[in-house]
Amino acid sequence: MPSEDRTTIALEAIRPRTELFHSAVATTMEQIRSLLAGTGETPEDQSISLGNFARGHVDVERFSAFTRQSAKVEPSAEQPIRAAQRALDDLLQMGDSLFVLKLTEGAHLGVQVAKRLATIGNAFSAAHVVELAKRGQYREDQHALLLDGLAFADWSQAERALSPGLVIELEGADFVPAQVAPYLDAGMKIVFVVDGDAPAAALSRLVTPGVFIQQTPDESGLDAFTAWQGTAVAALLPQGSATFVHDPSAGETTYERFTTLELPKEVRKRAIGGISAVQQAEDLHLLQTLAVVPSPTGEAASDPAGKLSAWLLSQTNLAGDG
Amino acid sequence: MSVADKKSIDFMEVPEHTVEIITNSGEGAQKCAQIFGQTCAKMGNGVWTVEIIPAEIEPPHHTVTSTSGNIIRFGTEKITNWGDQSKLAVAFNDQVLLSRHRLDSLKDDCIILLESCWQDHEDEKIRRMYEEAMDEMSTKNYRFVLVPIEEEALKIVDNPSHGKNMFALGMLAEIYQRDVSIIEKQIAHIFRFKPPKVTEKNIELVASGIKWARENLDFQFNIKSIPFDEERIVMNGNQAAAIGAIAAGMELCAMYPITPATSVSHELSEIIESYGGMVHQAEDEIAAAGVAIGASYAGKVALTVTSGPGMALKTEFLALAIMVEIPLVVLDVQRGGPSTGLPTKVEQSDLLSSLYGQPGDAPRVVIAPRTIEECFHSMITARRIAETFRCVVIVLTDANLATGVQQFTRPPLDVRWQQGAADQSPVPEGLRPYEWDLETGLSRRIIPGSPGGQHTVTGLAHDEESLVSYHPSSNELGMKMRSRKLAVFQSTLMPPELHGEEEGDLLVVGWGSTEGAIVEAVDRARSEGYKVSTCQLTFLSPLEPGLKEMFSRFENVMTVEINYSDTPGDPYINDETRRYGQLAWLLRAHTLVDIDCWTSCPGQPLRPRDIYTKIIAKLEPNKEGVAA
């Protein structure tokens, strides 16, 4: 399947997260608009703000005499609030492209993800700027840089919970998912769309008890990833990679949590990008260690995955061309 | 019953019908009715639904106390109440049906689709119960149609308890010619969090019910719908209140689960975070009130949701909010009381406790939506009043509105509903936290973080500086100012509208969810020439102006309410001992008019026919066959 189609599928897989984020940004925009408008001056504004329930019961003109017209922001606060509004508008204008990171060949995955998340973090900075301005506490010299990006490390837990997730398009040679580990928190969802030769089980390095991890060559299999309410990482990989699903809801032990496991028929014996054959084999070995039911005799288990794993181990010859 | 020839189908066109689906608790009557009601509404019919829910989680099955169900009244025109009696019932066993018969819920010629497995059941005791039930019901001309509901469901699912309801839904879809594609969408939506095969099985069961009805029933009803050119939405009152809270810009809902209010927070928790808000489930009712007050103190728009027993627990905290003048909206979804009372049943139980359930004087605004649509809009108005007058606004809905489903015009959302966010601009030097305008009692609400606005609040008597003060004049002034705000708000209210003539022999006064049933009863009496009008109050504290003058234009004034009052003529009940319905108490005290009341607390909504009977009894006490 062409990469663009796979990206579309990946975007759909994080759609609930992106919608949540967009909705939060749009709500903040509405709040800013309402803040800049104050309580509204016209009789129509007053009537509408009082709601339909009051219609026929409350005399709007008399009621308006008691509402505070001065709830508008101070003139000095208007400039930073408008800057925040622009920043939010910029993010909204980006649409889905905000959530798709196309990694240029050879770029450092971790650095690029940090940069994109900082851009996304501008939404939270903007809200912060508005709060400061509302309270008359905004200081140009101290706070002007807030809208230049907010590093993920500085996001609050509530902000992290609103993270939209990312789709990352990259070449197999740049596929070093361990570099995104610092961002796996509070429901973050990342889907890698990997082109070309890639390490066969690189995502195994991200397996932790509470994170949903999925490697698949089948783009249609991301329903469980989408439905999972917590942090999750998936990779759409070329054929020949390991296929597995680590579902935290499936059990207490790691091997119970591996609901799907298909290992590659052959173990690659050459380096891909900076990842040596030994490292790739270690990825696979890690996967087997985590996913296969331990046998009391020390031999490979009798289940199909266990047998396959035992066979793979016997095939592993690291004296290849890597 | 033999298979009917399709040509002999009796196809009846009727303006409206009332259907009951009655089962043991846990057999899915609610889901079946929910989908059926939603489908009717989406097809353009007027709809009103009422849930029948036992208070116990799982009462003994196949008994008269285990009845769980739903009543759906739907018609060509707008439907405003549950009507008088059901014309068709689907019953999963004889005992739940018997319970409805004993409540006189079924019309004399009601068509009853009854599960067929009980009459020949292997257990003799069950067979005997069935025979006795049928014998008891033989006083009516019900038309029984025996349906192998369980047998048919078992062809598709292993556990009939998880399938009979959808089979029943299929039968109703065929009988009333419902749009199956809407039903399928509703099923998919309800089971959206379950594996797809659950949806598929349910749709298969519906299809099986349709097929069975098509092959075996010889009647159908057609209830036309009038096409509408506006967007409409279908929901229950708790959903409407939840979405209304979001539309009103509420940022925090603090609550503790309590029937029948809990689903407000369920609805909110699914969506409020998308709008920058949150639901906080506190450790108890008291804490929930405290959290909401704290959030409001900090400048947020806060709501707490509860029901009667929760209101009782929140009493002291609500007094704090009133004392320190922190705006707060409280949604009280009333249920039957006192004590644990009737958790799942309707009662207009909390009017007086909402008004006066506090030591000392603690004035607050109390409003009561009359319809599900008003549950939405009341949240917007409640917020605006709370913020404008720095007061507590209690919104009284009830179990009837909470769980009933109705369609209404989709409100065009307006950003101005959310306008006027807390003013956090710097506080002018010298402005005190309670800088009361001595004429209106109003003062600027100062958010603690605003520059120059640092202050503490206290539930103790305090002065304008918000400092504890036991000086006699301070306490007197604080009391006066808090009370004055209500008088000022009352000055903005308009006299309530009358339904009917401006003067006459009887004025029926109601409040809240009873409007539809009262108007229907009054219209019935008016069509017979009686000079009766009605007025439904929505602002209960302060009361709308002009009531005394309005009452003076009628020979008699009588409230109709779903709560308790003594019945004249009962032992020991005389003019000195008689206790009145809650609104009657309030209006008598407020207007000094000798207002009568007819109230009832059966744990279910009032029926138009019962109100009609009382109206006639009031107007013609000597008329034969009419009990006063």
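This is a predicted model: local features need pLDDT of at least 70, side-chain atom pairs count only at pLDDT 80 or more; totals for chains, interfaces and linings use all residues.
Let me start with the overall division. Chain B is split into domain 1, residues 6-222, domain 2, residues 233-418, and domain 3, residues 504-619. If we take domain 1 and domain 3 of chain B as a pair, their C-alpha centres lie 35 Å apart, and the contact between them involves 6 residues of domain 1 and 9 residues of domain 3. On the domain 1 side of that contact, the residues divide by class into 2 nonpolar, 3 polar and 1 charged.

I turn now to the sheets. One open sheet of chain B is built from 6 strands in the order β3-β4-β2-β5-β6-β7, and its pairing is mixed. The edges are taken by β3, residues 46-52, and β7, residues 143-147, each of which has a single partner strand, so one side of each has no neighbour in the sheet. From one strand to the next, the twist averages 15°.

Within that sheet, strand β2, residues 16-24 of chain B, and strand β4, residues 67-75 of chain B, run antiparallel and are joined by 9 bridges. If you want a place to look, Glu20(B) stands opposite Ile71(B) in β4(B). Two helices can be set against this arrangement. Helix α1 of chain B, residues 29-42, lies across β2, β3 and β4 of chain B and runs at about 10° to β4(B). Helix α5 of chain B, residues 164-175, packs on the sheet as well, touching β2, β5 and β6 of chain B, and its direction makes about 150° with that of β5(B).

The other sheet I want to show is an open one of 4 strands in chain B, ordered β18-β17-β20-β21, and here the pairing is parallel. Its edge strands are β18, residues 532-537, and β21, residues 596-599, and because each has a single partner strand, one side of each is left without a neighbour in the sheet. Neighbouring strands are turned against each other by 25° on average, direction ignored. Strands β17, residues 504-511, and β20, residues 554-561, of chain B run parallel and are connected by 5 bridges, and Val509(B) stands opposite Thr559(B) in β20(B). Helix α16 of chain B, residues 515-527, packs on this sheet against β17, β18 and β20, with its direction at about 170° to that of β18(B). Helix α19 of chain B, residues 608-619, also packs on the sheet, where it touches β17, β18, β20 and β21, and its direction makes about 145° with that of β17(B).

Next comes helix α8 of chain B, residues 237-247, and its packing against two other helices. The axes of α8(B) and α9(B), the latter spanning residues 262-271, come within 8 Å and cross at roughly 45°, which means that α8(B) is oblique to α9(B). This crossing is right-handed. The residues that α8(B) brings to the contact include Ala241(B), Ala245(B) and Ile246(B), and those it meets in α9(B) include Val264(B), Leu268(B) and Ile271(B). By class, this contact has 7 nonpolar, 3 polar and 1 charged residues.

Against α13(B), by contrast, α8(B) packs at an angle of about 25°, with the axes 7 Å apart, and that angle makes α8(B) roughly parallel to α13(B). The crossing of α8(B) and α13(B) is right-handed. Among the residues that meet here are Ala240(B), Ile243(B) and Gly244(B) from α8(B), and Phe376(B), Met379(B) and Ile380(B) from α13(B). The contact divides into 10 nonpolar, 4 polar and 1 charged residues.

Helix α13(B) also brings us to the other chain. The contact between the chains takes 36 residues from chain B and 38 residues from chain A. To the chain B side of it, α13, residues 372-389, gives the most, with 7 residues. That side of chain B has 12 nonpolar, 17 polar and 7 charged residues.

I close with some local backbone details. The peptide bond from Thr259(B) to Pro260(B) is cis, with omega near 0°, and Pro260(B) sits in the loop between β10 and α9 of chain B. Another cis peptide bond joins Ser541(B) and Pro542(B), with omega about -5°, and Pro542(B) lies in the loop between β19 and α17 of chain B. Finally, Ser339(B), in the loop between β13 and α12 of chain B, has a positive phi near 55° although the residue is not glycine.

How values were computed: Residues are numbered from 1 along each chain as its sequence is written. Chains are lettered from A and ligands numbered from 1 in the order in which they are written. Axes are lines fitted to C-alpha atoms, for helices over the stretch in contact, and angles run from 0 to 180 degrees between N-to-C directions. Angles under 35 degrees count as roughly parallel, over 145 as roughly antiparallel, 65 to 115 as roughly perpendicular and the rest as oblique. A crossing is left-handed if the near helix is turned anticlockwise from the far one by less than a right angle, and right-handed if clockwise. Two residues are in contact if their C-beta atoms, placed from the backbone, lie within 7 Å. Ala, Val, Leu, Ile, Met, Phe, Trp, Tyr, Cys and Pro count as nonpolar, Asp, Glu, Lys and Arg as charged, and the others, Gly among them, as polar. Two strands pair if DSSP finds at least two bridges between them. Domain bounds come from an automatic or database domain assignment.
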